[in-house]
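This briefing turns to a few backbone and packing features of the structure shown here.

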Amino acid sequence: MSESVCRPKPVNVASVPHRSPFRYPGGKTWFVPAFRKWISSMQNKPSLLIEPFAGGGTISLTAVSEHLVQHAIMVELDEEIAAVWHSISNGDGDWLAKRILEFDLTKENVTHELQKTDVDLKEKAFQTILKNRTFHGGILAEGAGFVKHGENGKGLRSRWYPATLAKRFSNLNQIAKDITFLQKDGLKIIEEYAEHEDVLFFIDPPYTAGGKKAGKRLYRHFELDHEQLFRLCESIKGNFLMTYDNADEVKLLASKHGFQTRLIAMNNTHHATMEELVIGKELSWL
Ligand SMILES: C[S@@+](CC[C@H](N)C(=O)[O-])C[C@H]1O[C@@H](n2cnc3c(N)ncnc32)[C@H](O)[C@@H]1O
């Protein structure tokens, strides 16, 4: 097994443009510099990026906004997250921006909005953003609840930045034509595009390999056949990168399938330095 730790200074996420409307558990803003480096190490610019476990979608949004690829396909199973990406694809980014700017965020108003059932897709997208911004840790999975004290004791409003969020939605409206969103199983999309040589995959699955529980608490969809994912990656004719938590079971899987691994240092949201595992066919560029 080939592994080494990349120990440049951990990425300062404040220096990376934040393009996702989500505050997403396991979000990949810290991976953006490494992703740019990966693309610039390639002789031919790839035309299509596929993100089979898109979540907050930071890597796809960056790739398209910075013209690193022509088009991105984002895939995600979660219905609430899907409502947001579908609404953006439908051209409702500006509608969402306006809805956010006009909303008076109080506990009563949020509770009232979230109680509404039988809403259309863009209202469902708005509900998702409200939850994501007012629930502890941005967690949408079952059992999540409102933040208690929040940043600087600002409680429920501590992660509600209407102007910033509205701007992100308006920006997303500009790149919507370069993104295709599909609500389906990420493993299926890999299977469908594995033979395409000019396709790149950025694969960031829920971390549940080796019995790790983090993914269970964070995501509604956390169960995954990790062995099958690695098998599928072996069939990819283009190229891929995977990110995982640094667990022995994952390193064993990578080695078994003939992939290289590297550890990248990152600062988590609590400013602690952590290491995440990057897996790929060939990682000498990193
Ligand atoms: C680690 S998170 C991805 C985070 C993302 N890279 C970001 O920057 O926000 C994994 C995501 O995979 C989704 N997911 C889980 N199983 C899936 C499946 N079989 N197909 C598609 N998405 C799935 C979860 O809902 C979760 O959003």
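Histidine 67 sits in the loop that runs between α2 (58-65) and β3 (71-75), and in this predicted model histidine 67 has a positive phi of about 55° even though it is not a glycine. For residues other than glycine, a negative phi is what most show.

**Loop residues with positive phi**

- Histidine 67 is exposed, since 9 other C-beta atoms lie within 10 Å and a residue counts as exposed at 12 or fewer.
- Aspartate 118 likewise has a positive phi of about 55° without being a glycine, and its place is in the loop between α5 (107-115) and α6 (121-134).
- Aspartate 118 also counts as exposed, because 5 C-beta neighbours are found inside 10 Å.

**The largest nonpolar core**

- The largest nonpolar core is made up of 65 residues, and those with the most contacts inside it are Ala72, Met74, Phe201, Phe202 and Phe240.
- Helix α3, which spans residues 79-89, gives the most to this core, contributing six residues.
- Domain 1 (1-76 + 185-286) and domain 2 (78-183) both give residues to this core, and it therefore lies between them.

**Surroundings of phenylalanine 201**

- Once neighbours within four places in sequence are left aside, phenylalanine 201 is in contact with Ile50, Pro52, Ile190, Ile236 and Phe240.
- Of these contact partners of phenylalanine 201, Phe240 is itself listed among the residues with the most contacts inside the core.

Technical notes: Residues are numbered from 1 along each chain as its sequence is written. This is a predicted model: local features need pLDDT of at least 70, side-chain atom pairs count only at pLDDT 80 or more; totals for chains, interfaces and linings use all residues. A nonpolar core is a set of buried Ala, Val, Leu, Ile, Met, Phe, Trp, Tyr and Cys residues joined through C-beta atoms within 7 Å. A residue is buried if 20 or more other C-beta atoms lie within 10 Å of its own, exposed if 12 or fewer, and partly exposed in between; C-beta atoms are placed from the backbone. Helices (H or I, at least four residues) and strands (E, at least two) are DSSP runs, numbered from the N terminus. Domain bounds come from an automatic or database domain assignment. Two residues are in contact if their C-beta atoms, placed from the backbone, lie within 7 Å.
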